[in-house]
Amino acid sequence: FKSKCSMKKLVIVLLVAMLLPVSIDAKKKSDVDYDLKVMSYNIRMGVAKDGTNSWEYRYPATALMLQNQMPDVFGVQEAFEFQIRFIEDNFADYESVGVGRDNGKSEGEFMSIFWNKKTVKMVKWGTFWLSETPEKPSLGWDAACKRTATWALMKDKNTGKMFYFVNTHLDHKGKEAQRKGLDLIVSRIDEINPKGYPMVLTGDFNMTPDDEALVDLDKQMTSTRTIAAKTDDLSTFNGWGDPEIPEHFLIDYIYVKGFKSVPEYATIVKQYAGKPFVSDHYPIISVLEY
């Protein structure tokens, strides 16, 4: 499958080149001013057998979405190594950090952080597991899967500002794992950020905004959807158009702390490459000001 994606690289390069005149000046032409554009994207694991929504059919849509949005930093969930390499191979300006959750190397899903090398500099990074033994690959509490959070200290090249970016994917079944996993993230955020730099947390939390597990996080950080000057309340999970998905079913988040303002939050429901969905989750973006 990796070789198949490599053979199709030229096709993707040509496809994304079609959008270059639009995306190069996207930041200048935005109707809002901002210093940093961030995104959370559950890319849907590339090994899933989703019929015509399988990765082998929708990867051009992901490429065109990224070329159109061009975030400065973004976190992905559920990505397999070949999906990470696909993005890096086709977008020379982006690099990423992250590890496979199963063995801390290349096996299993990655909760990777990507950044645009032209606008952001990586300073240091790390990964921890959402479990009682966070420093090694491990299953936490009542979780169905191993879960991780990836963090990075970064520097905005345009402003010189330092900031932290954290990306995670909470368990989809274990309620205790969701609550304690998020508690662990909250406590780690305090530990890794003694200087109080601005902080961004992205992820698929597998919980809706009224979940009690968000109470402690809401005391420390704020969901950009709730404070952005321009925002929406669209569902972030679409289930490939499943009509049984509740209206306003929000389970993906961008939380922030230490930024002066949030000019915009948006759910990216636009279609790309003729595909109705780039994933079974919609990407969400926020533009931030220090």
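F82 lies in helix α6, where helices (H or I, at least four residues) and strands (E, at least two) are DSSP runs numbered from the N terminus. The structure is a predicted model, in which local features need pLDDT of at least 70 and side-chain atom pairs count only at pLDDT 80 or more, whereas totals for chains, interfaces and linings use all residues. Residues are numbered from 1 along each chain as its sequence is written, and side-chain values use heavy atoms, with hydrogens and water left out.

F82 is buried, with a relative accessible area of 14%; buried here denotes under 20% relative accessible area, exposed over 50%, and partly exposed the range in between, for a 1.4 Å probe and protein chains only. The C-alpha atom of F82 is separated by 8.0 Å from that of G46, although these two residues are 36 residues apart along the chain. In the protein chain as a whole there are 9 helices and 12 strands, and buried residues make up 57% of its 290 residues. Of the contacts (heavy atoms within 4.5 Å) in the protein chain with a separation of 6 or more, 73% are accounted for by residues 24 or more positions apart.

Helix α5, which comprises residues 55-69, has 15 residues and reaches 20 Å from its first C-alpha to its last, close to the 21 Å expected at 1.5 Å a residue; the expected span is 1.5 Å times one less than the number of residues in the helix. The helix α5 is mostly covered, 13 of its 15 residues being buried, and just after α5 a positive phi of about 45° is taken by M70.

The helices α5 and α6 (residues 81-90) pack at an angle of about 40°, with their axes 11 Å apart, the axes being lines fitted to C-alpha atoms, for helices over the stretch in contact, and the angles running from 0 to 180 degrees between N-to-C directions. The two helices α5 and α6 are therefore oblique to each other, given that angles under 35 degrees count as roughly parallel, over 145 as roughly antiparallel, 65 to 115 as roughly perpendicular and the rest as oblique. In this packing, W55, Y59, A63 and L66 of α5 meet F82, Q83, F86 and I87 of α6. The residues of this contact divide into 7 nonpolar, 1 polar and no charged, where Ala, Val, Leu, Ile, Met, Phe, Trp, Tyr, Cys and Pro count as nonpolar, Asp, Glu, Lys and Arg as charged, and the others, Gly among them, as polar.

Helix α7 (residues 175-192) has 18 residues and spans 26 Å from its first C-alpha to its last, close to the expected 26 Å. Its buried residues include A177, G181, L184, R188 and I192, and what covers the buried residues of α7 includes β5, β6, β7 (162-169), β8 (199-204) and α8 (215-220).

Strand β7 contains M162, which touches V123, L153, M154, K155, Y197 and P198 when residues up to four places away in sequence are not counted. M162 and V120 are 42 residues apart in sequence and 9.6 Å apart in space, C-alpha to C-alpha. In the loop between β5 (120-129) and β6 (148-156) is found S138, which is buried, with a relative accessible area of 9%. Leaving aside neighbours within four places in sequence, S138 is in contact with W129, S131, T133 and K146, and the C-alpha atoms of S138 and G104, 34 residues apart along the chain, are separated by 9.7 Å.
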